[in-house]
Amino acid sequence: MSLNRNLHIGLILVVIVASIDYGIGLDWESIFEGSIILKDLQGFLTSVFVLLVLILGYFYKPLIPN
């Protein structure tokens, strides 16, 4: 299934905004000290993973055999 390019870019922008929102809400001092648990990072890491998948899907060009 292929998404429309404009829809794909819109989804990427929405996930970027969500990632920034999660990033702002994190306790960065505890991250730098290493005392944060994975549960606190789960939303941020999930949004970054979805962003990576969307970006890879945007640039993916399937090989069509002749």
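Predicted model: local features only at pLDDT ≥ 70, side-chain atom pairs only at ≥ 80, totals over all residues.

Residues are numbered from 1 along each chain as its sequence is written, and side-chain values use heavy atoms, with hydrogens and water left out.

Let us begin with helix H3, residues 38–59; helices here are DSSP runs of H or I with at least four residues, numbered from the N terminus. H3 has 22 residues and spans 30 Å from its first C-alpha to its last, close to the expected 32 Å, which is 1.5 Å times one less than the number of residues. At Phe44, H3 bends by about 30°, the angle between axes fitted to the seven residues ending there and the seven starting there.

Which residues of H3 are buried? They are Leu41, Ser47, Leu51, Leu54 and Tyr58, where buried means under 20% relative accessible area with a 1.4 Å probe, protein chains only. The buried residues of H3 pack against helix H1 (5–25) and helix H2 (28–33).

Ser30 lies in helix H2. Ser30 is buried, because its relative accessible area is 12%. Leaving aside residues up to four places away in sequence, Ser30 touches Ser35 and Ile36, with contact meaning heavy atoms within 4.5 Å.

Terms used
Helix = DSSP H or I, 4+ residues; strand = E, 2+ residues; numbered from the N terminus. Buried < 20%, exposed > 50% of the residue type's maximum accessible area, 1.4 Å probe, protein only.
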